Amino acid sequence: MEERKEQTTTPAPSAAPAPSAAPSTGTAAPSGFRPSGPGSFGSRPPRAEGDRGPGGRFRRPRRKSCRFCAEKVVAIDYKDYNRLRSFVSERGKIVPSRMTGTCASHQRELTQAINRARNIALLPFANN
C-alpha cells in the first residue's frame, strides 16, 4: 500500500510580538531604552586599579604654546607673508588654534592679518 506523508503546515506569523522571557517591572520602558548601572546589560567591566588601558601608562598630551607669545611679537604684520603662510592650510583655509597652539588673542589678530593679506593678493583665498 502507498504511504502518504502528512503535510504539516506552519502557523502564520502573528502580528503581536512574542512575550519576552524577562520579568515585567510594571512600567513600560521607552523603545531603545538601555539599562545602565553596575552589572547591567552592555556595561563594560570595571578596570583594575593599576590598569591604564592598552598603552599601559597614561600620558597627558603636551600643551602647545603660542609662537607669538614665545617670540614676544607685539603686532602681527599682514605684510609678513612667510610667517602667515604657515597658518594657512594647503587648501587656503586658516588653521584653527587647537592645531597650531596659538592663543585666542593672537588667533584673532592672525585671522585679521591673513584676511588683509588676501585682499591685497599676498595670500590666496583658495588653492585649487
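Biologist: Where is the place of Glu-90?

Modeller: Glu-90 sits in the loop between α2 and α3. Helices here are DSSP runs of H or I with at least four residues, strands are runs of E with at least two, and both are numbered from the N terminus. Keep in mind that this is a predicted model, where local features need pLDDT of at least 70, side-chain atom pairs count only at pLDDT 80 or more, and totals for chains, interfaces and linings use all residues. Residues are numbered from 1 along each chain as its sequence is written, and side-chain values use heavy atoms, with hydrogens and water left out.

Biologist: Is Glu-90 buried or exposed?

Modeller: Glu-90 is exposed, at 72% relative accessible area. Buried means under 20%, exposed means over 50%, and partly exposed is in between, using a 1.4 Å probe and protein chains only.

Biologist: And how far is Glu-90 from Ala-126, C-alpha to C-alpha?

Modeller: Those C-alpha atoms are separated by 8.4 Å, though the two residues are 36 residues apart along the chain.

Biologist: OK, new topic. Which residues make up the largest nonpolar core?

Modeller: There are 12 residues in that core: Cys-66, Phe-68, Val-73, Ile-76, Leu-84, Phe-87, Val-88, Leu-110, Ala-113, Ile-114, Ala-117 and Leu-123. Helix α4, residues 104-119, gives the most to this core, with 4 residues. A nonpolar core is a set of buried Ala, Val, Leu, Ile, Met, Phe, Trp, Tyr and Cys residues joined through side-chain atoms within 4.5 Å. In soluble globular proteins, nonpolar side chains tend to be buried together.

Biologist: How many residues does α4 have, and what does it reach from its first C-alpha to its last?

Modeller: α4 has 16 residues and reaches 23 Å, close to the 22 Å expected at 1.5 Å a residue. The expected span is 1.5 Å times one less than the number of residues.

Biologist: Which residues of α4 are buried?

Modeller: His-106, Gln-107, Leu-110, Ala-113, Ile-114, Ala-117 and Arg-118. They cover an arc of only 135° around the axis, so they are on the same side of α4. That arc is taken from the directions from the helix axis to the C-beta atoms. An α-helix has 3.6 residues a turn, so residues three or four places apart point the same way.

Biologist: What covers that buried side, and what's on the face turned away?

Modeller: The cover includes α1, α2 and α3 (97-100). The face turned away carries the exposed residues Arg-108 and Asn-119. Just after α4, Ala-121 takes a positive phi of about 65°.

Biologist: Leu-110, then: what is it in contact with?

Modeller: Leaving aside neighbours within four places in sequence, Leu-110 is in contact with Phe-68, Ile-76, Leu-84 and Phe-87, where contact means heavy atoms within 4.5 Å. Leu-110 is buried, at 0% relative accessible area.

Biologist: Switching to charges: how many salt bridges?

Modeller: The count comes to 2, a salt bridge being a side-chain nitrogen of Lys or Arg within 4 Å of a carboxyl oxygen of Asp or Glu. Side chains of opposite charge can pair when their charged atoms come close.

Biologist: Which residues are linked in the network?

Modeller: Glu-71, Asp-80 and Arg-83. Arg-83 and Glu-71 have their closest N and O atoms 3.1 Å apart. Arg-83 lies in helix α2 (residues 81-85) and Glu-71 in the loop between α1 (67-70) and α2, so the pair ties together parts that are 12 residues apart in sequence. For Arg-83 and Asp-80, the closest N and O atoms are 3.8 Å apart.

Biologist: Are those residues buried or partly exposed?

Modeller: Arg-83 is partly exposed at 29% relative accessible area, Glu-71 is partly exposed at 48%, and Asp-80 is partly exposed at 29%.
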